[in-house]
Amino acid sequence: MKCVSNVKDFSLPGKHAHILTAPIERRAQFEQLPTEFPEAKRAAVLLYCYPKEGRMHLSLIKRAHYDGPHSGQISLPGGKPEDSDQSLWHTALRECSEELGVMPQESKPLLNLSPIYIPPSNFLVSPFVVVDAITPRFTPDPREVAQHIEIPLRELILTKVKQRNLNQGVSKGTTVPCYIYEEHTIWGATAMILSEFKFFLEYCALI
């Protein structure tokens, strides 16, 4: 990736980007959300970018199936903080290491994207963007990761918002705005985070 000097000049679009892929029934509520969520639980995710075969890629994961609301969904590596984490940034790094078996080389994020609040679970999720200069060797944890998905950033930029009817999970039968990559439907908070990330990529021309 190049033009990283542009990062400091990038204004986060926040809700303007998030609402493009927010579930339709939540959009009116989404506009009314406050800017602070003191009672929310915290979580962090990592947008891990790295070179592969001459192109920059981003890692996504398909969650393993379990008895929970995010079973089988496409997400970014991440999760809740543990007592040993110094910060949410360290939470994102640890979770990426546990889920994908890699630890990014950078000591700080390239960019902090806008935190996103998830009303059904009362989580405030902090997304961090990090860029590695080397191609990592992934060893996904099969207990947590059913599939590791690597999407080229150029393809992510070109991907448009679609409408799809979910055919599995707790939201089965619901029509949602989403991104489609290969056979994967990316929706919910992950799509909303990627929507803002796409603004960043387009602004900085980082691919």
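Visitor: Is Phe10 buried or exposed?
Guide: Phe10 is buried, as its relative accessible area is 12%; buried means under 20%, exposed over 50% and partly exposed in between, using a 1.4 Å probe and protein chains only. The model is predicted, so local features need pLDDT of at least 70, side-chain atom pairs count only at pLDDT 80 or more, and totals for chains, interfaces and linings use all residues. Residues are numbered from 1 along each chain as its sequence is written, and side-chain values use heavy atoms, leaving out hydrogens and water.

Visitor: And how many aromatic pairs are there?
Guide: The whole structure holds 8 aromatic pairs. Rings of Phe, Tyr and Trp (its six-membered ring) pair if their centres lie within 6.5 Å; planes under 30 degrees apart count as stacked, over 60 as edge-to-face and the rest as tilted.

Visitor: Why is the pair of Phe10 and Tyr203 called tilted?
Guide: Their planes stand at 45 degrees, with the ring centres 5.4 Å apart, so the pair is tilted. Tyr203 is partly exposed, at 42% relative accessibility.

Visitor: Which residues form a cluster with them?
Guide: Ring pairs link Phe10, Phe197, Phe200 and Tyr203 into a cluster.

Visitor: What about Phe37 and Tyr117?
Guide: That pair is stacked, because the planes are at 15 degrees, and the ring centres lie 4.3 Å apart. Phe37 and Tyr117 are both buried.

Visitor: Turning to cysteines, how many disulfides are there?
Guide: The count is 0 disulfides, a disulfide being a pair of cysteine sulfur atoms within 2.5 Å. Cys49 is buried at 0% relative accessibility, and Cys178 is buried with a relative accessible area of 0%.
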